[in-house]
Amino acid sequence: MSADGRPARSGGVPRLRLDELLDELQVRIDEVRGTRDRLNGLLEAVMSVGRELDLPQVLNGIVEAAVVLVDAEYGALGVIGDAEKLAEFLPVGIDDELRSQIGDLPSGHGILGELIRHPEPLRLSELSEHPASYGFPPHHPPMHSFLGVPIRVREAVFGNLYLTEKRGGADFDAEDEAVLSTLAVAAGIAIENARLFADVRLRERWLEANSDITSALLSGAPDHEVLAGMLERAVDITGADLGVFYLLGSGGELRGSLALGEGAEAHRGIVLPTTRGTLAEAALARDGLVTVADVENDERVTVQPERWKGFGPAVAVTVSTKERLNGVLMLARRRGRVVFAAAEVAALPGFAGQAALALELADRRRDAEQMSMLEDHDRIARDLHDLAIQRLFATGMTLQSAQRFAEHPEVSERLGRAVDDLDATIKIIRSTIFGLRERASPATGSELRSRAVQTLDQASAVLGFAPALRMEGLIDTDVPPAVADEALAVLGEALTNIARHARAAHAEVAVVAADGALTLTVTDDGVGMPDCERRSGLRNLAERAERLGGRMSVVRRAEEAHGTRLEWEVPLAPPT
C-alpha cells in the first residue's frame with residue numbers, strides 16, 4: 001500500500017507494454033519503408049522499360065524488371081503469335097547451357113496456354129496441382145509457386161509475363177500481383193511505342209531501298225545487277241536467311257533465277273517450262289503476297305522440294321505491273337525461327353511493285369535510246385552513201401582520166417595504185433554502212449562484227465598494242481552463228497600466238513564475208529612462228545576449218561623479211 005492508502009503500481013508492466021508498442025511501430029515502419037522501396041522500384045522499372053525503343057531490348061527489360069520486383073527466381077515473357085501459340089519466349093534465370101539441355105522453348109501448352117486462353121492474372125501456390133499442368137521436360141528446374149499476368153497493347157493481348165519460384169519458399173501474394181499488373185500496363189505502352197518506332201524505321205528502309213533501285217536502273221545499271229541488289233535489300237530488311245528471285249517469261253515459263261543467302265546454290269539458274277509445283281505458283285495464284293508457315297513441307301511445293309530442306313517460314317510476292325510480269329520474289333527463314341510478321345512484310349508488295357515499275361521505265365528508256373541511236377546510224381549511213389562515196393567515185397574517175405595523160409610510167413603506176421586504194425576505201429565504207437544498218441536488229445544474226453571488236457579489245461592488253469581491224473560484207477547477217485563462233489575462237493587463238501611467240505609491234509586483222517565464204521586473215525610483223533608451232537599449236541585451227549569444209553594456211557609474209565600471215569577461210573553455207 002502507498003502512503004495515501006492507494007495500491008502501489010508495478011514498474012515492469014508499463015515498460016513491457018511500451019516495448020511491444022515500439023516493436024509494433026518498427027514493424028509498421030519497416031512495412032512502410034518496404035512499400036516505399038517497392039514503389040520506387042516499380043517506378044524505376046516503369047521508367048526503364050519506357051526509355052528503350054528497340055523492341056527486343058524492351059521485352060528483355062520487362063522480364064528482368066519483373067523478376068526483381070516480385071523477388072522471383074525465374075521469369076519469362078511469352079509473345080503470342082498465330083493460332084494462340086507462343087511466337088517468342090524470352091526466359092530469365094536459366095543459362096544458355098541449361099536451356100540447350102531442356103530443348104525447344106515452350107509453344108503455349110499447359111499453364112502457359114491457360115493464360116493465353118484466359119488472359120487474366122493467375123496466382124498458384126503449386127503449379128502441379130492446376131488441371132492444365134502436365135509436367136516439365138527433362139532437365140527443367142523444379143518450379144512450384146507461379147504468378148502470371150497478361151500484357152495488353154491497347155485492347156489486344158500482346159503476350160504474358162510468367163514468374164515462378166518466389167525466393168524464400170513463400171507464395172506470391174496480392175501485392176505481388178498488383179505490382180506485376182502495374183508493370184504490365186507500363187510494358188504495354190512501352191511495347192506500343194517500340195512497335196511504332198520500328199514501323200517507322202522499317203518504312204524508311206523500304207523507301208530507301210526503292211529509291212536506290214530506281215536510281216540504279218535509270219542510271220543504266222544492268223538489270224541483273226539491280227535485281228541482285230533488290231534481293232539483297234529484301235533479305236536484309238526482313239531478316240531472312242534465304243532470298244530467291246524467279247525470272248518469268250511472257251508465257252509463264254521460269255527462265256532463270258537469282259539466289260542469295262544460306263543454301264542459295266540450290267536455287268540459282270533454275271529453268272522450267274512452267275511455275276507449276278513451285279512456291280512462285282502460289283504467289284501468282286494470289287496475285288500478290290502469300291505467306292507460308294513451313295515451306296519445306298508445304299503441299300503446293302512439289303517440284304524439287306528438297307531445295308527448301310531446313311527452311312520453315314517463307315513469304316513470296318509477285319514483281320509486276322499491270323502490263324508486265326517480271327518474276328516472283330521469295331524469302332525464307334530457317335526452321336525454328338519466327339514466322340514473318342504482318343508488319344515485317346506489309347511493305348513488301350509495294351517494294352516489289354516499285355521495283356517492277358522501275359524495270360519497266362528502264363526498258364522504255366533503253367528503247368528510246370536505241371531508237372535514237374538507230375536514227376543516228378541511218379543518218380550517218382545516208383551521209384556516207386550520198387556524200388562520201390559519191391566524192392570518192394568522182395575522185396577515182398578523175399584520176400583514171402588523168403592516167404591517160406601521164407607520160408612517165410612511174411606516174412601512171414602511182415595513179416593506178418591511188419585508184420585501187422580508193423576502190424578499197426569505198427568497199428570499207430560500204431561495209432561500215434551495212435554494219436550501221438544491220439544494228440537495227442541487234443537481237444538477230446551472229447553479231448560477229450561487235451564480237452570481233454571485243455576480241456581485239458581483250459587481246460590489246462596482252463599484245464601491248466591495238467591491232468588494226470578491217471571488216472567487209474554483210475558480216476552479221478550472212479555469217480551463221482555457228483561459223484561466227486568458230487571464227488572468233490580462231491581469231492582469239494591467233495592473237496594469243498602472236499602475243500606468245502611473234503614479238504610483233506603491229507598486227508592486222510581482216511574479216512571479209514564475200515562470194516559465199518568467210519575469210520579471216522591475221523598478219524603481224526614479228527619474228528614468225530617456228531616449225532614446231534605450225535605442227536602442233538595451229539593444228540586445232542586447221543581442224544576447225546576442215547570441219548566446216550574450209551581451209552587454213554600459215555605462211556611468212558612474202559613482201560617482208562619477217563612476219564606471219566594466217567588465212568582461215570570457210571564457206572558460209574554448211575557443207576553438204
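Let's start with Thr-164, which is found in strand 5; strands here are DSSP runs of E with at least two residues, helices are runs of H or I with at least four, and both are numbered from the N terminus. Thr-164 is buried, at a relative accessible area of 7%. Buried means under 20% relative accessible area, exposed means over 50%, and partly exposed is in between, with a 1.4 Å probe and protein chains only. Leaving out residues up to four places away in sequence, Thr-164 touches Ala-72, Glu-73, Tyr-74, Leu-127, Met-143, Ser-145, Phe-146 and Phe-172, where contact means heavy atoms within 4.5 Å.

A quick word on the model. It is predicted, so local features need pLDDT of at least 70 and side-chain atom pairs count only at pLDDT 80 or more, while totals for chains, interfaces and linings use all residues. Residues are numbered from 1 along each chain as its sequence is written, and side-chain values use heavy atoms, with hydrogens and water left out.

Now to the sheet around that threonine. 5 strands form an open sheet in the order 2-1-5-4-3, with antiparallel pairing; two strands pair if DSSP finds at least two bridges between them. Strand 2 and strand 3 (122-124) stand at the edges with a single partner strand each, so one side of each has no neighbour in the sheet. From one strand to the next, the twist averages 15°.

Let's walk along the pairings. Strand 1 and strand 5 are antiparallel over 7 bridges. In strand 5, Leu-161 is the bridge partner of Leu-77, and Lys-166 stands opposite Ala-72. On to strand 2: 6 bridges join strand 1 to strand 2, again antiparallel, and Val-79 has Glu-88 of strand 2 as its bridge partner. Strand 1 is mostly covered, with 7 of its 9 residues buried.

What lies across these strands? Helix 4 lies across strand 1, strand 2, strand 3, strand 4 (146-153) and strand 5, running at about 140° to strand 5. Axes are lines fitted to C-alpha atoms, for helices over the stretch in contact, and angles run from 0 to 180 degrees between N-to-C directions. Helix 4 is mostly covered too, as 6 of its 8 residues are buried: Gly-110, Ile-111, Leu-112, Gly-113, Leu-115 and Ile-116. Helix 5 (residues 174-218) lies across strand 3, strand 4 and strand 5, at about 30° to strand 4.

His-130 sits in the loop between strand 3 and strand 4 and counts as buried at 18% relative accessibility. Neighbours within four places in sequence aside, His-130 is in contact with Ile-111, Glu-114 and Leu-124.

Last, the second largest pocket, with a volume of about 740 Å³. Of the 30 residues that line this pocket, Phe-89, Pro-106, Leu-112, Phe-136 and His-140 are the closest to its centre. On a 1 Å grid over the protein atoms alone, a pocket is an open set of points where a 1.4 Å probe fits, with protein on both sides within 12 Å along at least five of seven lines, and lining residues have an atom within 4 Å of a point. Points are joined across faces, edges and corners, and the volume is the space filled by probe spheres set on them. Strand 1 (72-80), strand 2 (86-92), helix 3 (96-102), helix 4 (110-117) and strand 5 (156-166) each supply at least two lining residues.
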